[in-house]
Amino acid sequence: MSRRFKRQLVSYSFLLPWLVGFAALTIGPIATSIYLSFTDYGLMAPPEWIGLDNYVRIASDDPRFWTAMNVTFTFVVLSVPLKLIFALSIAVALNKGLRGLAVFRAIFYLPSLLGGTVAIAFLWRQIFAGDGLLNRGLEYAFGYDGPSWISNPSTALYTLVLLAIWQFGSSMIIFLAGLRQIPLDMYEAASIDGASRARQFFKITLPLLTPVIFFNAVIQTIDAFKAFTSAFVISGGEGGPIDSTLFYTLYLFQEAFVNLHIGYASALAWVLVVIIAIFTALSFLSAKYWVHYDD
Amino acid sequence: MTDLSAHQNSSGLLFTSKRIVKYCLLTAASLIMLYPLLWMISSSFKPNDEIFTSVSLIPDTLSFDAYVRGWNGLSVSFSKLFFNSLMVSVLAVVGNLISCSLAAYAFTRLRFFGRDFWFALMLGTLIMPQHAVLIPQYVLFLKLGWVNTILPLVVPKFLAIDAFFVFLMVQFFRGLPKELDEAAIMDGCGPWRIYFKIILPLSMPVLATAAVFSFIWTWDDFFAPLIYLNDIQNYTVQLGLRSFVDSTAQSDWSALFAMSTLTVFPIFILFILFQRLLIEGIATTGMKR
């Protein structure tokens, strides 16, 4: 065996676990799920090729798909901007040499670490339940006896939006890191020129922060499309009441693992992947019009 | 002169009063953020009839009964569920550290045929949504007879499936001076010795960050256990808590709050211990959570 060949072999021995995982758990499954999306498959009998039928049905004959799209887009469009606004405001407030910064930062960050758990989803259900914390508070403060926010189809989704906003901490930390990159002398020069704090924010901070805003927006949008646990727990696994919290991922889960429509669910999965890809591509295309990069 | 100092004084005063307002607002915001968590913890010590009748955070009487009831509230004890979760999370940490550091080492320190090609594909998997592979992975594990065991939750971690950690380690390894490897090669060390004796010992910060995040993400994970584990004996705490929520419907709230508190407790402890590591990890890489 030549030395060179041996060196290749040794190198590949380091890469071996990743290569096996890539083949068996990424490339193989991608190919399989593309294939399955063109079949009728229910785990029991072998997959049966049905061409584009699954996709046709998604587009033309599946009201729950459109409900799920509607719920998911509403969630994304509301939760992502609001979360980023909170994250940025708090980051700006924390930025300027504040004492106790570490404590505040930790407190605001903690919910992002815990927010995705079953415990917090359950807690949220109890806060917004008919006899939950919010209504007890409202009654205590204003004598107003509120409805159950969770079991009302017109408000249930907004409780989940609130839960997402509550987890603004990780975006805030990324904003804080971004703010630290902005040179202080820019603000000094602006103050000498008599620019107000508000003007400094809009003319210096915001433009220089656009790359970080862009990054956070893309990450949070992709994340919001994938939201699952909280909707699952809060709605009892079914996306209720009357499908008002039927997130796309929840519908996908039901079709795949409850109804065992494996072929159809594979098609649903690819539709989601394509939607996320389009969204990401559009973000990157739009970036050149509003994201400010240093030369 | 008097004029000037008066001016300074008033602006200083303005400055402090502005500061005080800012502190008050931030403190109020922190309290709003923390209130749900504090309410969860305090409710776990309250008797059931007090939880929804009082908005106070301080229980009238401090009782640990709910913890005892909750701990044995399912057909299996929560000891078993905690053990399962701990097992899965620790194995995930070990798997990620080994497999991701090996891959990252190959990508950064070794030269071999096809390296850039594989590296590009690895980066590609970073942005690929899991949904594309979810269903076939499930079918695969089903055919292997692994469903209802912890293998589907653990084995992928030993195959560096979390590309994120590979990327994190690649970034770190790139910062280590190449002269170290060259000197070691002069002394007759092969790649494996360099990996074990030089790279790993110098990489403790990134290994620690990856370990803490792996642990927390695996501990928190609900989806994978939900689809792969059916038997309550194998449940993780997240699944157990969800069954507990469903089974006690509308009755034993304090026990539910007690178990909720316990399931997030390990995360809370890790957060306290490794806060700086976590925050730096997010700030430098933009990790999502």
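B:Cys24 is partly exposed, at 49% relative accessible area, while B:Cys100 is buried, at 0%; buried means under 20%, exposed over 50% and partly exposed in between, with a 1.4 Å probe and protein chains only. Over all chains the disulfide count is 0, where a disulfide is a pair of cysteine sulfur atoms within 2.5 Å. Please keep in mind that this is a predicted model, in which local features need pLDDT of at least 70, side-chain atom pairs count only at pLDDT 80 or more, and totals for chains, interfaces and linings use all residues. Residues are numbered from 1 along each chain as its sequence is written, chains are lettered from A and ligands numbered from 1 in the order written, and side-chain values use heavy atoms, without hydrogens and water.

**Helix packing in chain B**

- Helix α10 (residues 191-202) and helix α11 (residues 204-220) of chain B pack at about 70 degrees, with axes 5 Å apart.
- α10(B) and α11(B) are therefore roughly perpendicular to each other (65 to 115 degrees).
- B:Leu200, B:Pro201 and B:Leu202 of α10(B) meet B:Met204, B:Pro205 and B:Leu207 of α11(B), a contact being heavy atoms within 4.5 Å.
- The residues of this contact divide into 6 nonpolar, no polar and no charged.

**Positive phi in chain A**

- A:Leu43 is not a glycine, yet has a positive phi of about 75 degrees.
- The loop between β1 (39-40) and β2 (48-49) of chain A holds A:Leu43, which counts as buried at 18% relative accessibility.
- A:Asp243, also a residue other than glycine, has a positive phi near 60 degrees.
- A:Asp243 is found in the loop between α11 (229-234) and α12 (248-258) of chain A.

Methods: Axes fitted to C-alpha atoms, helices over the stretch in contact; angles between N-to-C directions. Helix = DSSP H or I, 4+ residues; strand = E, 2+ residues; numbered from the N terminus. Parallel < 35°, antiparallel > 145°, perpendicular 65-115°, else oblique. Nonpolar A, V, L, I, M, F, W, Y, C, P; charged D, E, K, R; others polar.
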